[in-house]
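I opened the model to go through its strands, its surface and its charged pairs. My entries follow in the order in which I looked things up.

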Amino acid sequence: MTNAHVVAWTTQLVVRRYHDPKPYFAKVEFVAHDIDLAVLKVEDPDFYKGMKPLDFGPLPKVRSTVVTYGFPAGGQQISYTRGVVSRIEVQGYVHIGNRAFLAVQTDAAINPGNSGGPVIQDEQSGRRGF
């Protein structure tokens, strides 16, 4: 199931923090079906306590190391895989055949249902997502 499809017909959206059993209600701030992206906002400010926002940095360089994060289908634990950026180019997107978007290709293993998580580079020096 894709990210935008997960929220498309939802009536109640619940998220959890890593290692926290408490459920938090969230609402959809924005959906971009053409790129399968949903931006959520958690209503309870306690959800954000102790978190640092992820800085968005420049595009990674080809052959740089990145780490992917997510919760693959059928699992209850976070998954992360390390890989190398192999290509950066504009590609057609599977949902909309007549539009193209910038894509970063990596050899990091992406498990089924895990495609919606962030990809991070420079972990030791400030964690930057792209």
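**Charged pairs**

I began with aspartate 46, which is partly exposed, with a relative accessible area of 33%. For these classes I took buried as under 20% relative accessible area, exposed as over 50% and partly exposed as in between, with a 1.4 Å probe and protein chains only. I noted that this is a predicted model, in which local features need pLDDT of at least 70 and side-chain atom pairs count only at pLDDT 80 or more, while totals for chains, interfaces and linings use all residues. Residues are numbered from 1 along each chain as its sequence is written, and side-chain values use heavy atoms, with hydrogens and water left out.

I then looked up the partner of aspartate 46, and found a salt bridge with lysine 49, the closest N and O atoms being 2.9 Å apart. A salt bridge here is a side-chain nitrogen of Lys or Arg within 4 Å of a carboxyl oxygen of Asp or Glu. Lysine 49 counts as exposed, because its relative accessibility is 56%.

How many salt bridges does the count come to? I got 4 by this rule. Side chains of opposite charge can pair when their charged atoms come close.

Another of these joins glutamate 89 and arginine 87, at 3.2 Å from N to O. I put glutamate 89 down as partly exposed because its relative accessibility is 28%. Arginine 87 is also partly exposed, with a relative accessible area of 38%.

I also recorded the salt bridge between glutamate 29 and lysine 27, at 3.9 Å from N to O. Glutamate 29 has 44% relative accessibility and so counts as partly exposed. Lysine 27, at 41%, is partly exposed as well.

**Chain as a whole**

I listed 1 helix and 9 strands in the protein chain. Helices (H or I, at least four residues) and strands (E, at least two) are DSSP runs, numbered from the N terminus. Along the sequence I read the pattern α-β-β-β-β-β-β-β-β-β.

The protein chain has 130 residues, and I found 23% of them buried. I noted an accessible surface of about 9400 Å², with 54% of it belonging to carbon and sulfur atoms. These areas come from the Shrake-Rupley method with a 1.4 Å probe, and for residues only the protein chains shown count as cover.

For contacts I used heavy atoms within 4.5 Å. Among contacts between residues at least 6 apart in sequence, 49% join residues at least 24 apart.

**Sheet β1-β2-β3**

In which order do the 3 strands of the open sheet lie? I read β1-β2-β3, with antiparallel pairing. β1 and β3 (37-42) stand at the edges with a single partner strand each, so one side of each has no neighbour in the sheet. The twist from one strand to the next averages 50°; axes are lines fitted to C-alpha atoms, for helices over the stretch in contact, and angles run from 0 to 180 degrees between N-to-C directions.

Two strands pair if DSSP finds at least two bridges between them. I counted 6 bridges between β2 (residues 24-32) and β3, in the antiparallel sense.

In strand β1 (residues 13-15) I picked out valine 14. It is partly exposed because its relative accessibility is 36%. Setting aside neighbours within four places in sequence, I found valine 14 in contact with Pro23, Tyr24 and Phe25. Its C-alpha atom is separated by 8.7 Å from that of lysine 27, 13 residues apart along the chain.

In strand β2 I looked at phenylalanine 30, whose bridge partner in β3 is valine 39. Phenylalanine 30 has 47% relative accessibility and therefore counts as partly exposed. Phe30, Ile35, Leu37 and Val39 make a nonpolar surface patch of about 320 Å². Patches take residues with over 30% relative accessible area and no salt bridge, joining like charges within 9 Å and nonpolar side chains (Val, Leu, Ile, Met, Phe, Trp, Tyr) within 5 Å.

**Strand β5**

How many of the 6 residues of strand β5 (residues 65-70) are buried? I found 5, so β5 is largely enclosed by the rest of the structure.

β5 and β6 (residues 79-92) run antiparallel, joined by 6 bridges. Here I noted glycine 70 with its bridge partner serine 79 in β6.

β5 and β8 (residues 119-121) also run antiparallel, joined by 3 bridges. The bridge partner of threonine 68 in β8 is valine 119.
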